[in-house]
Amino acid sequence: MRIYLDNAATTQLDNEVFKTITPYLLEFYGNPSSHHEHGREVKTAIEGARTTIADLLNASPNEIVFTSGGTEADNTAILSSVRSHQIKHVITTPFEHHAVLHTLDVLKNNGEIKLSFIDTDSRGNLDINHLDTLLKSNSRSLVSVMHANNEIGNLNNIELIGEVCNSRGALFHSDTVQTMGHYRHNLSKLKTHFIAASAHKFHGPKGVGFIYCRDGIQLSQLLHGGAQERKLRAGTENIHGIIGLAKALEIAYRDIDEHQFYIQKLKNRMIAKLQEQIGDVRFNGNSANAEKSLYTVLSASLPVNHATGDLLTYLDQNNISVSGGSACSTGSASHVLKAIGADLSRNTVRFSFSKFNTAAEIDYTVEKLSALYKAIAA
């Protein structure tokens, strides 16, 4: 049996979601743009899913636009700000997902925007006063700050950031891919103009997500063709994906308090056992701080020794699936760890947990790590 501790990369599909989407693979297969019964019944299901998501987030259904996932949602938010709202200045952080940073790099290199970064400390905490200074000294800006970092788990105070942006007349986009389905979002109160979400991060299917775009804010089309998604996103809808997305979010909200408590206990257990059994362990960013980090992510920096070899390979060979950081950056040094000045010579392992993990899996993983370091020391 394999142990899966890479839930920040993707999560196991919930069985309730699987049962819900199966009929939309086998029975309800009409094209929702068709004007016959097969099409109408599917179109009705899609709009029902949109309403479910909007109700959970305290938004309006017309503010939810379905996408292929978080990357498309992030790109749409950023490009819409530049092309539809004439934004010439963007403020972000060095810790954002590459879906944000690479998009901004292209715009900057094309001369379309000026790019600024918020000052941070060695834990990855943002200097909100510096954000305010940047907003004061520039014309109307877009601020793009993720809710929680996918590598070190740092939670950013997007409520406060939203207030600062609102006071300066800035647009605010937040990548909530790691927190959607894990925290409650009240979009009627949160002063954000765009958020991004992806179903496979909270036990839904891959290949589907959504962008929330506040009513009154114009989106630019990335894909041109048909009139789907109110002419905002062309292409035949991912029907079973959309249905699964809504069901996964519904389940997540239903069980959110129970799962937060359970998963935080697993994370606390991992922290304690690593500290007890491996002497020189450090935790990157705020990932070991329960108040300041995503409860599903723990980034551990372990001692390095030539005898350990590739630590991730060792764990894989012992039936434990983990990563060193973002799955999108496999094979390259982490830009997040670089940005906080982490010691890149050490072995960094990102453990990320879900409701399907157990205490026994945590214990086994630490035992295997401890055995390796004891063997080196012997």
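**Entry 1. Ground rules**

I worked from a predicted model, in which local features need pLDDT of at least 70, side-chain atom pairs count only at pLDDT 80 or more, and totals for chains, interfaces and linings use all residues. Residues are numbered from 1 along each chain as its sequence is written, and side-chain values use heavy atoms, with hydrogens and water left out.

**Entry 2. The seven-stranded sheet**

I first looked up the strand order. Helices (H or I, at least four residues) and strands (E, at least two) are DSSP runs, numbered from the N terminus. Two strands pair if DSSP finds at least two bridges between them. I found an open sheet of seven strands with mixed pairing, in the order E2-E8-E7-E6-E5-E3-E4. Its edge strands are E2 (64-67) and E4, and each pairs on one side only. Neighbouring strands are turned by 20° against each other on average, direction ignored. For such angles, axes are lines fitted to C-alpha atoms, for helices over the stretch in contact, and the values run from 0 to 180 degrees between N-to-C directions.

I then went through individual pairs. E3 (residues 89-92) and E4 (residues 114-117) are parallel and share four bridges; the partner of Thr92 in E4 is Phe117. E7 (residues 194-198) and E8 (residues 209-213) are antiparallel, with five bridges, and Phe194 has Cys213 as its bridge partner in E8. E2 is also antiparallel to E8, over four bridges, and here Thr67 stands opposite Gly209.

**Entry 3. Helices on this sheet**

I noted that E3, helix H5 (residues 98-109) and E4 make a right-handed β-α-β unit. Right-handed is used here for a path from the first strand over the helix to the second that runs clockwise, with the strands pointing away from the viewer. Helix H7 (residues 158-167) lies across E5 and strand E6 (171-175), at about 160° to E6.

**Entry 4. Inside the sheet**

Is Leu142 buried or exposed? Buried means under 20% relative accessible area, exposed over 50%, and partly exposed in between (1.4 Å probe, protein chains only). Leu142, found in strand E5, is buried, with a relative accessible area of 0%. Contact means heavy atoms within 4.5 Å. The C-alpha atoms of Leu142 and Ile78 are separated by 8.0 Å, although the two are 64 residues apart along the chain.

I next checked E8. Five of its five residues are buried, so E8 is largely enclosed by the rest of the structure. In a regular strand the side chains alternate between the two faces of the sheet. From E8, Gly209, Ile211 and Cys213 point one way, and Phe210 and Tyr212 the other way.

**Entry 5. The three-stranded sheet**

I found an open antiparallel sheet of three strands, in the order E9-E10-E12. E9 (282-283) and E12 (347-352) stand at the edges with a single partner strand each, so one side of each has no neighbour in the sheet. Two bridges join E9 to E10 (residues 297-302), and Phe283 stands opposite Ala300. Helix H9 (residues 239-277) lies across E9, E10 and E12, and runs at about 10° to E10.

**Entry 6. Salt bridges**

Side chains of opposite charge can pair when their charged atoms come close. A salt bridge is counted when a side-chain nitrogen of Lys or Arg is within 4 Å of a carboxyl oxygen of Asp or Glu. How many salt bridges does this rule give? The count comes to 17.

I looked up three of them.

- Arg350 pairs with Asp6, the closest N and O atoms being 3.0 Å apart. Arg350 lies in E12 and Asp6 in the loop between strand E1 (3-4) and helix H1 (15-21), so the pair ties together parts 344 residues apart in sequence. Arg350 is buried at 1% relative accessibility, and Asp6 is buried at 11%.
- Lys355 meets Asp14 at 2.5 Å, N to O. Lys355 is in the loop between E12 and helix H12 (359-377) and Asp14 in the loop between E1 and H1, 341 residues apart. Both Lys355 and Asp14 are buried.
- Arg50 meets Glu229 at 2.8 Å, N to O. Arg50 belongs to helix H3 (residues 37-57) and Glu229 to helix H8 (residues 228-231), 179 residues apart. Salt bridges that share partners join Lys43, Glu47, Arg50 and Glu229 into one network.
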